[in-house]
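My plan is to look things up one by one and write down what I find.

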Amino acid sequence: MDLLQQIVARAKANRQRIVLPEATEERTLRAADRVLSEGLADLILIGNPGELARLAGEWGLENISKATIIDPEDNPKSEEYAQLLCELRKKKGMTIEQARELVKNPLYLGCMIIKTEGADGQISGALSTTGDTLRPALQIIKCSPGITCVSGAMLLITKQPQYGEQGIVVMGDVAVTPMPDAEQLAQIAVCTAQTAKSVAGFEEPRVAMLSFSTKGSAKHEVVDKVVEATRLAKELDSTLQIDGELQADAALVPSVGQKKAPGSAIAGHANVLVAPNLEVGNIGYKLVQRLGDAIAIGPILQGIARPVNDLSRGCSVDDIYYMVAITACQAMK
């Protein structure tokens with residue numbers, strides 16, 4: 001069973017409640033039909049019930065009636081949500097009138113449903129920008145305890161089983177925070193290890209903090225940042241198996257790790273890679289994807305108290321289906 005099949009199987013075994021706020025978008029509704037048909041998750045679709053029924057009929061989708069459908073223009077909980085949103089944002093000057101309008105916005109409405117424990121996660125982005133997806137999540141659901149920055153992890157499935165976890169590596173941050181400081185980088189390390197557990201199913205994440213230096217082979221302030229981030233990550237999670245700074249080959253190749261970082265339990269055996277900044281992370285995963293013929297799954301947003309994931313606006317039905325499974329696995333923690 002490959003990794004995606006494993007993720008789907010875990011989601012089916014412990015069904016979570018996932019909000020799809022862009023439910024009237026064709027790819028999203030087709031993915032929802034498949035999710036409901038296969039029992040992958042319990043779905044909450046945001047949209048006008050009549051329009052959703054019409055679209056389902058037009059596209060031959062037979063399972064949409066199994067979802068919970070919430071009409072943002074006719075929602076009996078609108079005032080409750082508006083009052084709560086106004087309270088959450090009162091220090092930012094939000095008025096009740098503004099809140100009443102915002103809770104009609106499907107992206108905000110979905111996050112309010114999660115905030116009030118009516119759902120476990122949300123996926124959008126087929127129609128919306130990353131900023132539009134993240135803004136309500138950060139305003140309403142907020143970051144996980146002890147975390148102040150959001151990041152994105154990528155699952156890399158390679159054809160090199162001798163590396164990572166039978167060829168699978170989880171890499172962060174590849175999507176969100178351009179230039180993390182040492183504290184943020186430490187948080188990214190902890191969050192990426194959690195994603196490796198909850199989504200990739202790693203029993204034992206082994207985190208390498210990447211740099212162009214291994215154990216003092218080069219001196220520079222950016223290396224110092226990685227060393228400090230490694231120390232802070234251990235403080236954030238005393239159980240975390242982590243080491244740095246390590247060059248990529250020292251992190252992945254046992255013979256190189258033994259030579260460059262003798263005595264390190266991580267060097268040569270890492271299955272989680274943390275890039276020193278977004279530029280490195282984004283370029284690195286795309287090189288592995290294109291030149292190494294790896295399958296890249298993600299980015300998977302992490303650091304939010306409940307999972308909210310962002311799709312590419314060029315996503316496929318399959319992309320949405322698998323992101324529902326991934327979001328469900330994140331929600332289980």
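In which strand is the place of P299? I looked it up, and P299 sits in strand β10. I note at once that this is a predicted model.

**Entry: peptide bonds and one backbone angle**

I stayed with P299 for a moment. The peptide bond that leads from G298 to P299 is cis. Its omega is near 5°.

I then checked G244 and E245. A cis peptide bond joins these two residues as well, with omega at about 5°. I placed E245 in strand β8.

Next I turned to K142. Its phi is near 70°. That is a positive value, and K142 is a residue other than glycine. I found K142 in the loop between α7 (130-141) and β5.

**Entry: the whole chain**

I counted the secondary structure. The chain has 13 helices and eleven strands.

Then I looked up the overall dimensions. The C-alpha trace spans about 65 × 45 × 30 Å along its principal axes.

Does the radius of gyration agree or disagree with that of a compact globule? For 333 residues, such a globule would have a value near 20 Å. The chain has 21 Å, so the two agree.

Strand β7 covers residues 206-210, and strand β9 covers residues 272-274. The two run parallel and are joined by three bridges. I found M209 opposite V274 in β9.

I found another open sheet, with five strands. Its order is β3-β2-β1-β4-β11, and the pairing is parallel. I marked β3 (68-70) and β11 (308-310) as its edge strands. Each of them pairs on one side only. Neighbouring strands here are turned by 20° against each other on average, direction ignored.

I zoomed in on β1 and β2. Strand β1 has residues 17-20, and strand β2 has residues 42-46. They pair in the parallel sense over four bridges. I saw R17 opposite D42 in β2.

A helix belongs in this entry too. Helix α2 (residues 26-38) lies across β1 and β2. Helix α2 runs at about 155° to β2.

**Entry: the largest pocket**

I looked for pockets next. The largest pocket has a volume of about 580 Å³. I listed 28 residues in its lining. The closest to its centre are G298, P299, S312, D319 and M323. The largest share comes from β10, with six residues. By class, I read 15 nonpolar, seven polar and six charged residues in the lining.

**Entry: the second largest pocket**

The second largest pocket has a volume of about 370 Å³. I listed 19 residues in its lining. L156, A248, L252, L273 and V288 are the closest to its centre.

I checked the elements again. Those that give two or more residues to this lining are β6 (168-172), α10 (248-252) and α12. Which of them gives the largest share? I found that α12 does, with three residues. By class, the lining has twelve nonpolar, six polar and one charged residues.

Definitions and conventions
Residues numbered from 1 in each chain as written. Predicted model: local features only at pLDDT ≥ 70, side-chain atom pairs only at ≥ 80, totals over all residues. Heavy atoms only, no water. 1 Å grid on protein atoms, 1.4 Å probe; cavity = no way out; pocket = protein on both sides within 12 Å on 5 of 7 lines; lining within 4 Å. Points joined across faces, edges and corners; volume = space filled by probe spheres on them. Nonpolar A, V, L, I, M, F, W, Y, C, P; charged D, E, K, R; others polar. Pairing = 2+ DSSP bridges. Rg over C-alpha atoms; globule rule 2.2 N^0.38 Å. Axes fitted to C-alpha atoms, helices over the stretch in contact; angles between N-to-C directions. Contact = heavy atoms within 4.5 Å.
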